[in-house]
Number of protein chains: 2
Amino acid sequence: MSSINEVAKLAGVSKSTVSNVFSQKRPISKEVSERVLQAARELNYKPNYMARSLAVKQTRIIGINMPGERAKFSQFHLSLLNGVLSECYEKGYRLLVNTLSADFKEKVEFIASDPVDGEIILDPTEENDKRVEDRMNQGIPFVIVGKPPKIFETAISYVDNDNFAIGTQVTNYLLSLGHVRILFLNAPEYRTVSKDRYQGYKYALTSAGLSNDSLLVSFLDERKTSAEFGYERTKAVLESGSNVTAIIADSNKMASGVYRAAEELGYRIPEDLSVISFSNESSYANILNPPLTCIDLNAEMLGKEATKLLLENLEDKNSIVKRIIIPSEFVERGSCRKANE
Amino acid sequence: MSSINEVAKLAGVSKSTVSNVFSQKRPISKEVSERVLQAARELNYKPNYMARSLAVKQTRIIGINMPGERAKFSQFHLSLLNGVLSECYEKGYRLLVNTLSADFKEKVEFIASDPVDGEIILDPTEENDKRVEDRMNQGIPFVIVGKPPKIFETAISYVDNDNFAIGTQVTNYLLSLGHVRILFLNAPEYRTVSKDRYQGYKYALTSAGLSNDSLLVSFLDERKTSAEFGYERTKAVLESGSNVTAIIADSNKMASGVYRAAEELGYRIPEDLSVISFSNESSYANILNPPLTCIDLNAEMLGKEATKLLLENLEDKNSIVKRIIIPSEFVERGSCRKANE
DNA sequence: CTGTTAGCGCTTTCAA
DNA sequence: TTGAAAGCGCTAACAG
């Protein structure tokens with residue numbers, strides 16, 4: 001790899017001239033410019049990324065940070081990631097996926113900071129999320145996908161769905177079909193989304209004049225896959241004779257577990273049991289039989305907007321704290337219908 | 001952000017001492033060491049990634065490169081990515097997703113090289129893949145997932161499935177069930193995988209004494225989604241009265257299109273039509289009705305092994321060119337059966 | 001329009 | 001066991 005010095009020498013100019021030929025930060029005569037480009041081509045010169053970053057104190061890399069011990073992407077994350085990528089791609093930024101384990105980081109107390117200008121934080125927890133605290137302290141620019149810990153809610157930019165409204169919406173929908181025994185198979189309890197949606201569910205139910213006895217919720221136990229969880233809970237509840245006539249599932253996969261349990265027990269969907277799900281992986285929802293009615297969370301849009309927000313933040317230092325609410329869409333397919341009298 | 005100089009000053013030592021306290025590359029007295037650590041803590045010091053990389057000429061970042069205009073991950077890529085991440089994570093490497101468009105790169109003719117030590121190249125094309133040529137010329141370490149362009153086959157390390165064998169295997173399986181009119185809904189024609197699998201298919205068919213007339217193949221037209229393609233081709237072929245009794249689909253999604261077409265035309269699977277697919281997204285394959293028989297390509301393993309290979313390459317300069325063949329697994333579910341007499 | 005000179009924050013000789 | 005100084009490859013401020 002040849003350096004800027006060699007190019008300068010070969011072209012017979014100073015290195016600042018070479019630098020400026022590429023950056024175009026100051027006018028260079030056509031003649032000199034040609035000579036430099038020629039030399040660069042001959043030497044197969046490419047500017048060194050690290051050296052440049054060190055000098056300008058900026059990397060044009062953003063990071064995406066997943067929680068938990070193992071960095072694993074789910075279907076939802078995949079769509080979100082696609083949104084992030086497409087935006088990075090347009091703006092000429094690169095994307096670094098955070099893959100260093102917490103373990104590893106703690107062992108090496110003074111590990112180097114990530115080589116990023118800013119970060120997108122996924123799946124925050126409601127209380128003390130160490131990741132956001134750290135970044136607040138260190139003054140690293142970041143945005144959150146989801147809702148920040150309460151204490152920071154007005155201090156951090158984030159993009160999220162309106163999960164309370166979503167919880168209310170699906171519940172009201174089911175209520176309007178005459179269901180009153182509605183089981184909510186929710187995300188893990190510590191996640192902010194699951195709380196918000198649960199509140200929405202509760203609000204809809206009590207607003208409809210139903211008592212607290214009507215609240216039927218289970219939070220995902222992460223030792224199980226969501227499909228297993230959907231299957232087991234559904235089976236247990238249906239067998240317990242609790243008269244549940246509708247189920248809200250957190251994800252398409254969880255819903256597939258619900259379908260399986262229903263089939264095994266001889267419940268027909270939607271005749272005997274209505275099912276609705278958050279998140280909409282259309283190819284997945286469509287091959288379920290009957291096709292699954294969903295709330296589309298617009299994961300790709302979440303990723304895209306989060307990225308926009310972050311880049312805006314990076315490029316305009318006095319940009320303000322914003323929260324962006326991404327609309328969700330109700331996608332009616334064939335898994336819900338009027339409750340039997 | 002405080003720098004090594006400030007730490008050195010506060011601790012009353014030279015910066016090389018500070019550096020060595022962290023890197024432990026030379027012995028430092030306990031006493032001094034304590035003092036430095038204390039100072040670092042006070043100043044909330046974190047080594048600067050870029051500066052360090054510049055000095056050591058190594059980034060501990062690897063890149064993953066997707067082809068095409070838009071960086072978009074599919075289900076298969078997702079599993080693969082998970083494999084890559086888990087390996088990075090263990091070895092303390094970071095992962096950079098290549099998101100700069102070809103457009104953008106060409107406009108800026110001398111764009112800076114990526115800040116990576118090496119790269120994983122996905123989905124190579126059979127002939128002149130510009131990405132691999134570039135990296136060969138520039139001497140950037142890289143490995144390929146899939147088969148390299150022929151001219152480079154012995155010069156580049158790669159990990160792949162044995163796609164010829166896989167093509168043969170599924171075809172022989174179908175043959176053994178008595179099918180002789182087998183439609184192959186393949187990946188795009190320019191992909192190396194699709195050629196290899198097609199050769200395997202052909203080999204099995206001709207080995208069984210069938211003439212070339214029995215070769216029925218369609219390559220994915222990428223203007224369509226694979227589900228659409230599966231649907232349309234199946235419908236067209238079934239309606240044309242070509243007596244097809246079995247279909248090999250490139251992906252689970254494509255197979256879902258096949259299912260839909262079959263249902264519309266009143267063909268029952270597997271009674272009237274056997275379906276088998278490459279790639280195995282178990283949650284997806286299982287909710288198809290009947291569950292889809294697949295060849296599991298072990299995407300996660302592909303990613304993991306590719307990463308291992310690359311890191312091995314980076315850390316041991318005289319490591320050799322290797323090719324690693326990842327085993328695939330035959331997963332029998334309910335979508336194939338004996339052909340009707 | 002172009003060259004010279006300092007850094008950016010770290011690691012790595014070379015001396016002591 | 002420690003310090004001083006040079007340098008990684010680039011950009012930026014200042015001169016001219």
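Mentor: Start with β9(A), helix α12 (residues 282–287) of chain A and β10(A), which make a right-handed β-α-β unit. Right-handed means that, with the strands pointing away from the viewer, the path from the first strand over the helix to the second runs clockwise. Helices (H or I, at least four residues) and strands (E, at least two) are DSSP runs, numbered from the N terminus.

This is a predicted model: local features need pLDDT of at least 70, side-chain atom pairs count only at pLDDT 80 or more, and totals for chains, interfaces and linings use all residues. Residues are numbered from 1 along each chain as its sequence is written, chains are lettered from A and ligands numbered from 1 in the order written, and side-chain values use heavy atoms, without hydrogens and water.

Now the pairing. β9(A) and β10(A) run parallel, joined by three bridges. Two strands pair if DSSP finds at least two bridges between them. Phe278(A) stands opposite Ile295(A) in β10(A). β10(A) also has three bridges to β12(A), and those two run antiparallel. There, Cys294(A) has Val331(A) as its bridge partner.

Look at the faces of β10 (residues 293–296) of chain A. Thr293(A) and Ile295(A) lie on one side, Cys294(A) and Asp296(A) on the other, and all are buried (under 20% relative accessible area; exposed is over 50%, partly exposed in between; 1.4 Å probe, protein chains only). In a regular strand the side chains alternate between the two faces of the sheet.

Step out to the whole sheet. It is open, has six strands in the order β7-β6-β8-β9-β10-β12 (chain A), and its pairing is mixed. β7 (216–219) and β12 (329–331) of chain A stand at the edges with a single partner strand each, so one side of each has no neighbour in the sheet.

Helix α9 (residues 192–207) of chain A packs on this sheet. It touches β6, β7, β8 and β9 (274–278) of chain A; contact means heavy atoms within 4.5 Å. Its direction makes about 170 degrees with that of β6(A). Axes are lines fitted to C-alpha atoms, for helices over the stretch in contact, and angles run from 0 to 180 degrees between N-to-C directions.

Last, the core. Ile248(A) touches residues including Ile276(A) and Phe278(A). Ile248(A) is also among the residues that touch the most other members of the largest nonpolar core, which has 88 residues. Such a core is a set of buried Ala, Val, Leu, Ile, Met, Phe, Trp, Tyr and Cys residues joined through side-chain atoms within 4.5 Å.

Definitions and conventions. Lists of a residue's contacts leave out its neighbours within four places in sequence.
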